[in-house]
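Subject: Structure for you to look through

Dear colleague,

I am handing over a structure that I would like you to look through alongside my notes. Please open it first, and then read on with the model in view.

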Amino acid sequence: MSTSKSSFHPALAVSNIKNHVPVTLEMENVQYSTWAELFKIHARSHRVIDHIIPPAAGTEKRPQQEEDKGLWSTLDATVLQWLYATISHDLLHTILEPDTTAMEAWNRLHDIFQDNKHSRAVTLEYDFTHVDMADFPNVSAYCQHLKSLADQLKNVGSQVANDRLVLQLVSGLTEPYQGVATLIRQRDPLPQFYQARSMLTLEEAGRAKKAAQSSSAALVARSSEGHTDVPDNSSSHRHNSGEKRHHNRNNNGGRSRGSHGSRGGGRGAGSSGSPAGRGGQLGGSSSRGSTGQHSTVQHSPQFSPWSGGQQWPWLASWGPWAVPPCPYSSTTWS
């Protein structure tokens, strides 16, 4: 009966230790405290904690029968397999020795990570006091690294109190989180580390949501502006047509004035001493200007405005209609 009871043990039902101790102990990441705590919890829950940590005086149990000795050896080998499966290859080659027990392997790992405590404490203290949130992608990574350094300091004998941990958390925050930092500092007593972390995480989620809403609003505004900025081809065509008509009207006005001056010159030839004769001379100069001999047209103040003079400058830009022709009379103007 006792044999059947001793033949089964909870530790023998564990098929994959990685499901219970997901952390792999390595020399580089310095996660010994986390790994050791998880391993001890698992060993205690499966009633094999005395294979890695010696029991207190007076509570040590020794196998009395041959069957119990065999089960003890089986359980010790099982715990040793757990150790080897949760450490890196470098550490495995460092502590691996023939005919070793689980407790001996446990103590070797402890000595590797817990030696030179004072030197480790100095290095960890420097890293702990120079943690800045700007070096991390988010709040969770920043808080996790800070908590890991505090745990390592605890393992080397430098306990980090909660108030110091929270104050160090607040001092390394970036500018967008200064409002939450002020709220945390003003609380008396200071909140627990996990409470401060929760406040920062909520603030980060709120800022991310607000940034997403702002981006959506800006995208909608740009889309609306894109529709209103489409050029109006019809209005541009009308503007260009107006410019062409204005240019043609100016050219026609110049040619009309030149032709009027030429006719005035014909009449002036009849009486050279009359004002009309002077107008004929001016008209002749205008005719020469139209043939390319002169580039400017000069008119006398006594010249009629209907001959294209400069006394009525508004005629050049008056309406879309052409300038009316000069009415020539059969009698001489007085």
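Predicted model: local features only at pLDDT ≥ 70, side-chain atom pairs only at ≥ 80, totals over all residues.

The protein has twelve helices and zero strands, and 28% of its 334 residues count as buried. Its accessible surface comes to about 21,700 Å², and carbon and sulfur atoms account for 54% of that area. If you take the contacts between residues at least 6 apart in sequence, 60% of them join residues at least 24 apart.

The buried residues of α2 are Tyr32, Ser33, Trp35, Ala36, Phe39, His42 and Ala43. Just after this helix, Arg47 takes a positive phi of about 60 degrees.

Several of those residues return when we turn to the aromatic rings, where the count comes to seven pairs. One of them joins Phe39 and Trp106, whose ring centres are 5.7 Å apart; since their planes meet at 40 degrees, which falls between the cut-offs of 30 and 60 degrees, the pair is tilted. This pair links distant parts of the chain, with Phe39 in helix α2 and Trp106 in helix α5 (residues 102-114), 67 residues apart. Both Phe39 and Trp106 are buried. Another tilted pair is formed by Phe136 and Tyr142, with centres 5.9 Å apart and planes at 55 degrees. Here Phe136 is partly exposed, with a relative accessible area of 23%, whereas Tyr142 counts as buried at 0%. Ring pairs also link Tyr32, Trp35, Phe39, Trp82, Trp106 and Phe113 into a cluster.

It is also worth looking at Thr78, which has its place in helix α3 (residues 66-85). With a relative accessible area of 13%, which is under the 20% cut-off, Thr78 is buried. When its neighbours within four places in sequence are left aside, Thr78 is in contact with Ala11 and Leu12.

Finally, there are the charged pairs. Side chains of opposite charge can pair when their charged atoms come close, and a search of the whole structure finds five salt bridges. In one of them Glu37 pairs with Lys40, and their closest N and O atoms are 3.9 Å apart. Both residues lie in helix α2, three residues apart, which is about one turn of the helix. Glu37 is partly exposed at 41% relative accessible area, and Lys40 is partly exposed at 22%.

A salt bridge also joins Glu97 to Arg108, where the closest N and O atoms are 2.8 Å apart. That pair links distant parts of the chain, because Glu97 is in the loop between α4 (89-95) and α5 while Arg108 is in helix α5, eleven residues away. A further salt bridge, at 2.9 Å from N to O, is the one between the side chains of Asp151 and Lys147. Those two residues are both in helix α7 (residues 139-155), four residues apart, or about one turn of the helix. Asp151 counts as partly exposed at 24% relative accessibility, and Lys147 is partly exposed as well, at 31%.

Terms used
Residues numbered from 1 in each chain as written. Heavy atoms only, no water. Buried < 20%, exposed > 50% of the residue type's maximum accessible area, 1.4 Å probe, protein only. Phe/Tyr/Trp six-rings, centres within 6.5 Å; stacked < 30°, edge-to-face > 60°. Contact = heavy atoms within 4.5 Å. Areas by Shrake-Rupley, 256 points an atom, 1.4 Å probe, with all protein chains shown as cover. Salt bridge = Lys/Arg side-chain N within 4 Å of Asp/Glu carboxyl O.
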